[in-house]
Amino acid sequence: MTDVDDVRRAVAAVTDPELRRPIGDLDMVRGITIDGRAATVEIALTIVGCPAADRIERDVRGAAASVPGIDHVTVSVGVMTPSERAALVERIRGPRQMPFTADSLTRVIAVTSGKGGVGKSTLTANLAVSLAGRGLAVGLIDADVHGFSIPGLLGLVDADGRPPQPTRIDELMLPPVAFGVKTISIGMFLPPDAPPAVAWRGPMLHRTVQQFLTDVHFGDLDVLLIDMPPGTGDVAISVGQLLPHADVLVVTTPQEAAADVAVRSGLVARQTGQRVVGVVENMAPLTLPDGTVLDLFGSGGGEAVARMLSDGDTDVPLLGSVPLSPALRAGGDAGTPVVVGAPTDAAAVAVDAVGAALMGQRRSLAGRSLPVRPS
């Protein structure tokens, strides 16, 4: 005769697709009864209308049915009480505080540029997907509140171009996932009938960035990328205050005028204590099929920015030059990053090389608290 504990163990191992934890650890498994070769499993979802309800129910039914001796499974679905949900949030998040501190093992990289139009967001999205493809746990914050574009670049939009809203468990927000990257953007919070534009000033921008960092549950991340707005405005200052230990990646084009402006974003980041870890040159010369080179935006800008941001004590490297690429542009419009849609394209290869260079940089653990305890 089949044991109830066998069914419970099988069901408890089912993973909640949003929280990415076994539902047994989340106290979502309730009663289990067995009558002959039929099992009834009771589960409690976190919220009414849980987007993952159908998948969880299907996975629970499959897990129970996989137990020898069980031929028929009935799944009874309920919802947690407010007190149960509050306890769950507290257990998942812990005390409400900034998770990405200097002691965190998550590497935070802010991707910035001196001005708009240099392809910073496209590079950030592709870099995030490239790092996730290397097996890293990656989060991405679209901090370009006024010019948010990350959801579209990652295909996180519906037929009308609207991003999905994050699932909320009380005050905890679960970011949507695309290509293995957990992503949050202000575009996900705009009402359906509102114009897709944000007209906010300093305090609202600061509060938004702070909430993205504290109220969004990214879980354990290896890397958190932040797509910064261009320039050195309010968001750059807020991120510098909230994450003074963050690394900064500066994006420029080869054009001399763009390079001069890009240096400023690196210098402002350095003033807040952040470390400029490299420069990426986008829209670099493209080699045409006949072997000729199209240098639409000139050449040398990336090397110039790296040189100007380097000083006697710090060498800022040029981590890569991403050439002009129709595939890179088309992938952004289609919501399929070029590193996935056309991985052999020269731009995809260059982005992957930037990711490899970033991961090759060693981070010092000196003076940092590690999540281990002596036995």
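Modeller: Contact means heavy atoms within 4.5 Å. Helices (H or I, at least four residues) and strands (E, at least two) are DSSP runs, numbered from the N terminus. The model is predicted: local features need pLDDT of at least 70, side-chain atom pairs count only at pLDDT 80 or more, and totals for chains, interfaces and linings use all residues. Residues are numbered from 1 along each chain as its sequence is written, and side-chain values use heavy atoms, with hydrogens and water left out.

Start with helix α9, residues 301–309. Its buried residues (under 20% relative accessible area, 1.4 Å probe, protein chains only) are G301, G302, A304, V305, A306 and L309. Their cover includes β13 (247–252), α8 (256–271), β14 (275–284) and β17 (318–323).

Now the loop between β16 (293–294) and α9, where L296 is found. L296 counts as exposed (over 50%), because its relative accessibility is 56%. With L288 and L294, L296 forms a nonpolar surface patch of about 240 Å² accessible area together. Accessible areas come from the Shrake-Rupley method with a 1.4 Å probe. Patch residues have over 30% relative accessible area and no salt bridge, and nonpolar side chains are joined within 5 Å. A salt bridge is a side-chain nitrogen of Lys or Arg within 4 Å of a carboxyl oxygen of Asp or Glu.

Next, strand β7, residues 138–142: 5 of its 5 residues are buried. V138, L140 and D142 lie on one side, G139 and I141 on the other. β7 pairs (at least two DSSP bridges) in the parallel sense with β11 (181–185) over 5 bridges. There, G139 stands opposite K182. β7 also pairs in the parallel sense with β12 (223–227), over 5 bridges. V138 stands opposite V223 in β12.

Notes
Patches are made of residues with over 30% relative accessible area and no salt bridge: like charges are joined within 9 Å, nonpolar side chains (Val, Leu, Ile, Met, Phe, Trp, Tyr) within 5 Å.
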